[in-house]
Structures are given as structure tokens and as C-alpha cells.
Amino acid sequence: MGTFSVEIGIGSRDHDEWVALDALVDTGAFVTSAPASLLRGLGVEPIRTQEFELADGEMREMEVGEARVRVGDREVTTLVLFNDEGSMPLLGALTLEGVFMGVDPVHKRLVPIRTVMA
């Protein structure tokens with residue numbers, strides 16, 4: 001598929017403060033992630049720890065919280081991973097589904113998805 005980045009906004013749940021950042025679109029990552037200090041600076045608090053398998057196969061317990069995430073003109077409250085300092089922010093599958101966006105791998109962009117109710 002290749003990789004690409006998009007600008008997203010991460011905000012506090014009360015909508016008072018937002019930070020814009022470039023995030024790598026990673027459909028293999030379930031949860032959107034950002035450096036822990038950025039999330040804490042927005043007032044996002046961990047709600048639990050969860051075990052994650054990292055790209056190199058390492059298993060690690062990491063903190064997860066809830067924040068507002070904006071992708072283009074779409075916004076959702078979603079789970080976010082408190083990642084290591086200096087780590088590349090990732091836009092994960094859960095957030096993409098929450099804003100009803102999918103990946104166009106040919107043009108390396110996000111596109112609205114059609115939703116179906118069974």
C-alpha cells in the first residue's frame with residue numbers, strides 16, 4: 001500500500017484546546033497514537049493500560065485514554081495511545097472508522113466511506 005501522512009487535530013474532550021500534527025496513516029494500528037506529553041498537555045488522562053504488540057514484535061503495556069480527533073472536517077471521540085516521546089503520531093483504524101474515512105492506496109489519501117446498515 002505504501003505509507004502517507006495526513007494532518008490531524010487532537011483535542012481535549014471538552015474541546016477547549018487542539019494541537020495539529022502530521023500523523024502516519026496506519027490501518028494496521030488499531031488505536032491512534034501520539035506522544036504522551038502532548039496528550040497530557042491537552043489534559044487527556046489515561047483510563048487504563050493495554051498490552052500492545054509493536055512493529056518489531058515487542059509486547060508492551062501502554063496507557064490508553066480518550067480524546068477528540070479531527071480528520072479534515074470530521075471529528076470523533078476515540079481511544080488514543082500514550083506513545084513514547086519522539087514517536088511518530090499514528091492515525092489508526094478505530095479513528096478512521098469513527099470518522100467514516102477509508103484509505104485510497106493508489107492516490108495516497110483518505111476518502112469518505114459508504115456505510116451500510118444490514
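Predicted model: local features only at pLDDT ≥ 70, side-chain atom pairs only at ≥ 80, totals over all residues.
Trainee: Nice. Which strand is Glu61 found in?

Mentor: Glu61 is part of strand β5, which covers residues 59–71.

Trainee: And is Glu61 buried or exposed?

Mentor: Glu61 is exposed, because its relative accessible area is 51% and exposed means over 50%.

Trainee: OK, on to β5 itself. How many bridges join strand β1 to it?

Mentor: Four bridges link β1 (residues 5–11) with β5, and the two run antiparallel. In that pair, Ile10 sits opposite Val69 of β5.

Trainee: What about β4 and β5, how do they pair?

Mentor: β4 (residues 46–53) pairs with β5 in the antiparallel sense, over seven bridges. Pro46 faces Gly65 of β5 across the pairing.

Trainee: How many residues lie between the strands in that hairpin of β4 and β5?

Mentor: Five residues lie between them, and Gly57 in this hairpin takes a positive phi near 95°.

Trainee: Now β6. How many bridges does β5 have with it?

Mentor: There are eight bridges between β5 and β6 (residues 74–83), again in the antiparallel sense. One example to look for is Arg70, whose bridge partner in β6 is Glu75.

Trainee: And which residue takes a positive phi in the hairpin of β5 and β6?

Mentor: That's Gly72, with a phi near 65°; this hairpin has two residues between its strands.

Note on methods
Residues numbered from 1 in each chain as written. Heavy atoms only, no water. Buried < 20%, exposed > 50% of the residue type's maximum accessible area, 1.4 Å probe, protein only. Pairing = 2+ DSSP bridges.
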